[in-house]
Amino acid sequence: MDNAYLLKKERQYIEGLVSVIIPVYNAEKYIEETLCSVFMQTYKHTEIILTDDQSEDLSAEIIVELKENHPEIVYDRLEKNMGAGAARNKALELARGQYVAFLDSDDLWKTEKLERQIALMRAKHSPFSYTAIEMIDQNGQLLKKKRAVKESCDYSTLLHNTMISTSSVVIDRAVIGDFTMSLRRGGQDYATWLMLLRNGAVALGINEALVSYRVRPKSLSSDKWKSIRQVWEIQTQDEKIKKIPAVFHLCCFVINALKKYTLSSVW
């Protein structure tokens, strides 16, 4: 099954534990800095699940060395290269936490990120939260101060606005249940968020840049035309949306994307 889906059999989770899910592929340049942003979180009840998708650089050596002083790290290596979706699914399988938080291997978290989100989710009884992001370049230089988000997002909103950044997401599995990510090579995070919101759940946003998203020229998300095609395929194939409403959603998506990447993000 290519789509993300909920599993019927639910596991027992460690209450309050946040399992940080990090897929790794040739991340030697950034992985230590990324992990340090997790070590420095003010919310300390965490484990860090790193799934290596057959890296060919020094990522494994760096992680193993850091693990000596950070027993909360769990490192696993896939038998073959399978893509970020499969790597995240393996990490989800290993994760023991009530909460799962996603982080890409080149992005960074602000120190209070997890604490702020867990507090919001507990106060509002929400199973899903996300935050605004700032954009940095390959050298960590700021490109945009904030890409703003709405304070809530339901299924209908997400159909025409991909404002939920993967590295900002926290999910409460005690409410949502077990789930897996889509195995799409591109857009698998967007397909997953749609699946999680499909049955009426509402995600809550914090309109503060608690994530530094690294923009790299060769990243999958850097090809905007490819992103548009992925949104179309996900909506028409995965979500079974008819073509006429899908065209409307896609037009809204393009307009919102232009706003995000070309206009000031301080509103």
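Predicted model: local features only at pLDDT ≥ 70, side-chain atom pairs only at ≥ 80, totals over all residues.
Contact here means heavy atoms within 4.5 Å. Leaving out residues up to four places away in sequence, Ile164 touches Phe128, Tyr130, Cys153, Leu158, Val169 and Trp193.

Ile164 belongs to the largest nonpolar core, which has 37 residues. Phe102, Phe128, Tyr130, Ile171, Phe179 and Trp193 are listed with Ile164 as the residues with the most contacts inside that core. At least two core residues come from each of α3 (84–94), β5, β7 (128–136), α5 (155–159), α7 (188–197), α8 (224–238) and α9 (243–262). Which element gives the largest share? That is α7, with 7 residues.

Now the aromatics. Searching the whole structure gives 3 aromatic pairs. One joins Phe102 and Phe179: the ring centres are 6.5 Å apart and the planes stand at 55 degrees, so the pair counts as tilted. Phe102 sits in strand β5 (residues 97–102) and Phe179 in strand β11 (residues 179–180), so this pair links parts of the chain 77 residues apart. Both Phe102 and Phe179 are buried. Together with Phe128 and Trp193 they form one aromatic cluster.

On to helix α2, residues 59–67. Ser59, Ala60, Ile63 and Leu66 are buried there. Viewed down the axis of α2, the buried residues fall within an arc of 135 degrees, so they line one face of the helix. Their cover includes β2 (14–24), α1 (31–39), β3 (46–52) and β4 (73–77).

Last, the charged pairs. The whole structure holds 8 salt bridges.

Arg96 and Glu47 meet through their side chains at 3.0 Å, N to O. Arg96 lies in the loop between α3 and β5, Glu47 in strand β3, and 49 residues separate them. Are these two residues buried or exposed? Arg96 is partly exposed, with a relative accessible area of 46%, whereas Glu47 counts as buried because its relative accessibility is 3%, and the cut-off for buried is under 20%.

Arg116 and Glu208 form a salt bridge at 2.9 Å, N to O. This one links helix α4 (residues 113–124), which holds Arg116, to strand β12 (residues 203–214), which holds Glu208, across 92 residues. Arg116 is partly exposed at 30% relative accessible area, and Glu208 is partly exposed at 36%.

Asp178 and Arg173 are both buried.

Definitions and conventions
Residues numbered from 1 in each chain as written. Heavy atoms only, no water. Phe/Tyr/Trp six-rings, centres within 6.5 Å; stacked < 30°, edge-to-face > 60°. Helix = DSSP H or I, 4+ residues; strand = E, 2+ residues; numbered from the N terminus. Buried < 20%, exposed > 50% of the residue type's maximum accessible area, 1.4 Å probe, protein only. Arc of directions from axis to C-beta. Core = buried A, V, L, I, M, F, W, Y, C linked by side-chain atoms within 4.5 Å. Salt bridge = Lys/Arg side-chain N within 4 Å of Asp/Glu carboxyl O.
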